[in-house]
Amino acid sequence: MPRQNLVPKPIRNLFRLRISPTSLQFRLTLELVTLSAIGVSAVAFWAGWQMEQNLVTSHKQLLEYVAMRFPEQVEMYSEAKTVEVGLERTIDKLSTSGVSIWVQEPDGKILGKSSGINQPSPNLLNAFTQTAAPVKPTIVQFGDRYLVLCGNPLNVNGKLVGKVYLSQDVTSDRHQLTTGINRLIAIGILAIFLLTIAISQRIRKTLQPLGQMSQIASNVSADDLGAAQLELQQAPDEVLGLATAFNEMTVRLSGAWEQQRQFVGNVSHELRTPLSVVLGYLQSLLRRGDNLSTHQQHALETAIAETDRTIRMLQDLLDLARADSGNLHFRHSPVVLNTLIAEVVEMSQKVSKYPISVSTTSDDVVALADQDRLMQVLINLVDNAIKYSNSPIELILEQTADWAIVHVQDRGIGIALEHQNRIFERFYRAEGSSTRSRDGTGLGLAISKSLIEGMNGKITLRSKPNEGSIFTISLPIWKPSSVSNQ
C-alpha cells in the first residue's frame with residue numbers, strides 16, 4: 001500500500017518553491033509577514049501583560065483589604081481583653097485564602113503569626129526582620145517562590161504596637177500565567193507560520209499572470225509574434241491592463257516584422273540583378289584589360305570579390321525571405337548521407353590546411369531530405385569550422401530508429417554559453433575582444449537552421465570555449481512510404 005503524504009499540499013508547494021531574494025514575490029511576502037509578525041507579537045505581548053496585571057491586581061486588592069481591616073479588627077477584639085489576644089483572634093480570622101500574617105515589635109520580637117498552612121516560614125520571618133517590606137503590596141521572588149508582600153505600621157488605640165506583615169504565595173498562579181504566556185507565544189509563532197504560507201501562496205497566485213507574461217516574452221520568436229497572446233480571465237485590473245498592452249505590442253511587432261521581411265526580400269530581389277550585371281562587366285573588363293596596370297588589376301579584383309560577396313549576401317537574404325514566407329520549396333527524396341558527406345569533405349579539403357576526417361557506419365544511412373539544400377548546409381558548417389578552427393575537423397554519421405544524425409566537430413575557439421542561444425539568429429556573430437575578426441555576413445547559420453527545419457529536421461549546438469564546437473543535424477530516416485507523403 002503506498003505511503004500517504006501527511007504534509008498538507010500548500011506546505012509541500014512552499015518547500016518545493018525556490019524564491020529569489022530579489023523577486024517581487026519574496027519582497028511582498030517578507031514585508032507582509034513582517035507586518036503580521038509585529039501585529040501578532042503586539043497582541044500576544046498585550047494579552048500576556050494584561051493577564052499578569054489581572055493576576056497581580058486581584059492579589060494586591062486582597063492584601064490591601066486585609067491591611068486596611070487589620071487595625072480595626074485588633075482594636076475591636078482588644079476592647080474586652082489584651083492586645084495580644086486581639087492580635088491572635090484577628091490573625092486567625094483574616095488568615096484566609098493563603099494569606100500569611102505576622103506582627104513584629106520594633107525590636108524584632110514576634111507578637112503573633114498565622115498558624116497551620118498559612119504559617120510563614122522561619123526564613124521569611126528572618127529575611128524581613130532585617131529588611132523593610134514594601135508598604136504597597138508588591139510581587140517579590142523569595143527563593144523559588146513568588147510572594148505578594150507588604151508591611152505597614154500597626155497602631156492600636158493611637159499606640160504603636162509594631163509592624164504587621166502580609167504575604168500571599170502566588171507561585172502556582174505565576175506558573176499558570178507563565179504556561180499561558182508560553183502557549184500564547186507558541187500560538188503566535190504558529191499563526192505567523194500559517195500566515196507566511198497563506199500570504200506566499202496568495203501572492204504567488206496573484207503574480208502568476210506576470211510569470212506567464214515573462215515566460216511568453218522570453219520564449220517568443222519573430223515567427224510567432226502574432227500568436228503570442230496572453231489570455232487572463234481573473235487577473236487584477238492592473239495586470240489585465242498590462243496584458244492588453246503586451247498583446248497590442250506583439251501585434252504591432254508582428255506587423256512590423258512582416259513588413260521588414262517583405263522589404264528585405266524585395267530589396268534583395270531588385271538589387272541582385274543589377275549587381276549581377278555589374279559583376280559581369282567587371283569580370284569582362286578584367287579578362288580584356290591587357291593594358292591595365294598592376295594597381296588597376298588589383299582594384300578590379302577587389303571590386304569583383306566585393307560585388308560577388310554582396311550578391312551572395314543578397315541571395316542569402318532572399319532565401320531567408322522565401323523561407324519566412326513559406327515560398328522556399330524543397331524536393332524531398334532519399335539521400336545517401338555516406339556519399340553526400342564524402343563529396344562535401346572532398347570539396348572542402350581543397351580550401352582547408354588541416355585534414356577533414358569522416359566517421360560513418362558500415363551500412364548506408366538514407367535520409368529524407370533535399371540533397372542540394374542539405375549539401376548547402378553541410379558546406380556552410382564545414383566552412384565555419386575551417387574559419388574558426390586551427391585543427392582537424394571531423395564529420396560523424398550516426399543512425400537511430402527514426403533519425404539520421406550528422407555531427408560536424410572542430411577543436412577551435414568554441415562559443416561562450418551566453419552566445420549559444422543566439423548563434424542561429426540573423427547577422428549575429430559571437431565575437432569578443434579576444435576573438436579575431438571573421439569574414440561573413442552572419443546569415444549562414446540562420447539559413448542553415450531554416451533549411452534544416454524546412455526538411456523536417458533540427459540543428460543543435462554544443463560548445464565550450466577553447467575546446468571546440470559540435471553542430472548536430474538530425475533528419476528523418478527515409479522510409480518507402482515517406483516520399484508519397486510529401
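Helix 9 lies across strand 7, strand 9 (393–399), strand 10 (403–410), strand 11 and strand 12, running at about 170° to strand 12. Angles here run from 0 to 180 degrees between N-to-C directions, with axes fitted as lines to C-alpha atoms, for helices over the stretch in contact. Helices (H or I, at least four residues) and strands (E, at least two) are DSSP runs, numbered from the N terminus.

This is a predicted model, where local features need pLDDT of at least 70, side-chain atom pairs count only at pLDDT 80 or more, and totals for chains, interfaces and linings use all residues. Residues are numbered from 1 along each chain as its sequence is written, and side-chain values use heavy atoms, with hydrogens and water left out.

**The chain overall**

- The protein chain's secondary structure comes to 12 helices and 12 strands.
- Of its 486 residues, 36% are buried; that label means under 20% relative accessible area, while exposed is over 50% and partly exposed is in between (1.4 Å probe, protein chains only).
- Take the contacts (heavy atoms within 4.5 Å) with a separation of 6 or more: residues 24 or more positions apart account for 62% of them in the protein chain.

- Five strands make an open sheet in the order 7-9-10-12-11, with mixed pairing; two strands count as paired if DSSP finds at least two bridges between them.
- At the edges sit strand 7 (356–359) and strand 11 (458–464), each pairing on one side only.
- On average, neighbouring strands of this sheet are turned by 15° against each other, direction ignored.
- Strand 11 and strand 12 (residues 468–476) run antiparallel and are joined by seven bridges, and Arg-462 stands opposite Ile-470 in strand 12.

**Helix 9**

- Helix 9 covers residues 371–388, and at 1.5 Å a residue its 18 residues should span 26 Å, which agrees with the 26 Å between its end C-alpha atoms. The expected span is 1.5 Å times one less than the number of residues.
- At the N-terminal end, Asp-370 caps helix 9, with a side-chain oxygen 3.2 Å from the backbone nitrogen of Asp-372. For reference, a polar contact is a pair of N or O atoms within 3.5 Å; within protein, one must be able to donate a hydrogen and the other to accept it, and residues adjacent in sequence count only if both atoms are side-chain atoms.
- The buried residues of helix 9 include Arg-373, Leu-374, Asn-380 and Asn-384.

**The nonpolar cores**

- In the largest nonpolar core, of 44 residues, Leu-337, Leu-374 and Ile-473 touch the most other members. Helix 9 gives the largest share of this core, eight residues.
- A core of this kind is a set of buried Ala, Val, Leu, Ile, Met, Phe, Trp, Tyr and Cys residues joined through side-chain atoms within 4.5 Å.
- A second, separate core has 19 residues, among them Leu-87, Val-148, Val-164 and Val-170.
- Not counting residues up to four places away in sequence, Ile-473 touches Val-377, Leu-378, Leu-381, Ala-404, Ile-405, Val-406, Ile-452, Lys-458 and Ile-459.

- Another five strands form an open sheet in the order 2-1-5-4-3, with antiparallel pairing.
- Strand 2 (110–113) and strand 3 (138–142) stand at the edges with a single partner strand each, so one side of each has no neighbour in the sheet.
- From one strand to the next, the twist averages 30°.
- Five bridges join strand 3 to strand 4 (residues 145–156), and the two run antiparallel; Ile-139 stands opposite Val-148 in strand 4.
- Helix 3 (residues 83–94) packs on the sheet, touching strand 1 (99–104), strand 2, strand 4 and strand 5 (159–169), and its direction makes about 165° with that of strand 1.

**Ser-78**

- Ser-78 is found in helix 2 (residues 24–78) and is buried, at a relative accessible area of 10%.
- Leaving out residues up to four places away in sequence, Ser-78 touches Val-83 and Gly-86.
- Ser-78 and Thr-90 are 12 residues apart in sequence and 9.7 Å apart in space, C-alpha to C-alpha.

**Two asparagines with positive phi**

- Asn-456 has a positive phi of about 65° although it is not a glycine. Asn-456 is in the loop between helix 11 and strand 11, and counts as partly exposed at 45% relative accessibility.
- Asn-466, also not a glycine, has a positive phi of about 70°. Asn-466 lies in the loop between strand 11 and strand 12, and counts as exposed at 68% relative accessibility.
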